[in-house]
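Hi,

Here is the structure I said I would pass on to you.

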Amino acid sequence: MEKREALYAGKAKSVYTTDDPDRMVMVFRDDTSAFDGKKVEQLDRKGKVNNKFNAFIMQKLEAAGIPTHFEALLSDNESLVKRLDMMPIECVIRNIAAGSLCRRLGVEEGLDLNPPTFEMFLKNDALGDPMVNESHIATFGWAEPEHIETAKALTFKTNSVLKKLFDDAGLLLVDYKLEFGLVNGQVVLGDEFSPDGCRLWDKETRTKMDKDRFRQGLGGVIEAYEEVGHRLGIDFG
Ligand code: C5P
């Protein structure tokens with residue numbers, strides 16, 4: 001497998017084509033951004049930590065019957081993935097109120113959400129990723145309704161797998177964002193799962209151990225990611 005040209009560079013990852021048209025290389029960089037790219041910093045070890053964290057979680061999800069694009073770790077900060085045709089939608093599940101939910105609905109951070117909420121956001125930087133519903137997605141043709149139904153079901157299935165996994169490690173899975181794409185007509189989990197795209201709190205102290213440490217300037221960002229990884233038994237090498 002040979003890495004070829006850069007296809008896309010996001011805020012924290014870059015994607016390269018390979019000599020296999022069905023496979024790509026995802027490179028996790030140390031760049032860390034928040035607030036639509038208004039706050040950007042380089043955090044030492046982040047690319048490696050998120051690459052290995054993502055590999056661990058994707059393999060757990062795959063083993064639980066959730067199709068993912070992950071194929072193999074290639075190096076400290078690179079993974080081989082299947083090439084997907086991505087849907088421009090972010091799927092978010094919340095088990096505990098935090099972040100934009102609190103700002104939008106005026107609820108207090110930390111409120112237990114039972115049943116968990118499911119929300120979708122359109123990936124559009126210029127519009128600030130607005131929240132959208134199934135009707136908007138169908139009307140504007142951003143994805144097929146049956147693909148959105150499947151993505152929603154897989155996002156909930158992910159919740160049951162990961163809530164237990166994190167709970168066993170003494171952590172609360174507060175919320176998270178997933179992105180899906182299509183390969184041969186099948187809806188497959190793409191992008192990444194790392195502390196950059198979810199909220200994790202210590203079960204006893206409710207200490208934040210995710211990207212909110214960066215967003216809120218709390219410090220110890222990568223140390224917190226590593227602590228979560230160690231509790232899960234991830235070897236960062
Ligand atoms: O900001 P908000 O509270 O809506 O975020 C919900 C969850 O989705 C958080 O875990 C956040 O890290 C994640 N998220 C993300 N990428 C975005 C928006 C939200 O990973 N563009």
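**What I found**

Asp 129 is partly exposed, with 17 other C-beta atoms within 10 Å of its own. Before I go on, keep in mind that this is a predicted model. As for where to look, Asp 129 sits in the loop between S9 and strand S10 (131-132).

There is another one like that. Asp 191 has a phi near 55 degrees, again positive in a residue that is not glycine. You'll find Asp 191 in the loop between strand S12 (186-189) and S13. Is Asp 191 buried or exposed? With 21 C-beta neighbours inside 10 Å, it counts as buried, the cut-off for that being 20 or more.

One more backbone detail: the peptide bond from Asn 114 to Pro 115 is cis, with omega near 5 degrees. Pro 115 belongs to strand S9 (residues 112-122). For context, most residues other than glycine have a negative phi, and most peptide bonds are trans.

Now the overall picture. The protein chain has 6 helices and 13 strands. Its radius of gyration is 17 Å, close to the 18 Å that the globule rule gives for 237 residues, so the chain is as compact as a globular protein of that length. Along the principal axes, the C-alpha atoms fill a box of roughly 50 × 45 × 35 Å. Of the 237 residues, 34% count as buried. Among contacts with a separation of 6 or more, 53% are between residues 24 or more positions apart.

Val 221, Ala 224, Tyr 225, Val 228 and Gly 229 are the buried ones in H6. Seen down the helix axis, the buried residues of H6 fall within an arc of 140 degrees, so they line one face. Glu 223 and His 230, on the other side of H6, are exposed. What covers the buried residues of H6? The cover includes helix H1 (46-63), strand S11 (171-183), strand S13 (198-202) and helix H5 (212-215). After H6 comes Gly 233, whose phi is positive, near 90 degrees.

Last, Lys 152, which is in helix H4 (residues 145-168). Lys 152 is partly exposed, with 17 other C-beta atoms within 10 Å. Leaving aside neighbours within four places in sequence, Lys 152 is in contact with Cys 91 and Phe 118. Lys 152 and Val 92 are 60 residues apart in sequence, yet their C-alpha atoms are 9.1 Å apart in space.

Over to you.

Key
Residues are numbered from 1 along each chain as its sequence is written. This is a predicted model: local features need pLDDT of at least 70, side-chain atom pairs count only at pLDDT 80 or more; totals for chains, interfaces and linings use all residues. A residue is buried if 20 or more other C-beta atoms lie within 10 Å of its own, exposed if 12 or fewer, and partly exposed in between; C-beta atoms are placed from the backbone. Helices (H or I, at least four residues) and strands (E, at least two) are DSSP runs, numbered from the N terminus. The arc is that of the directions from the helix axis to the C-beta atoms. Two residues are in contact if their C-beta atoms, placed from the backbone, lie within 7 Å. The radius of gyration is taken over C-alpha atoms; the globule rule is 2.2 Å times the number of residues to the power 0.38.
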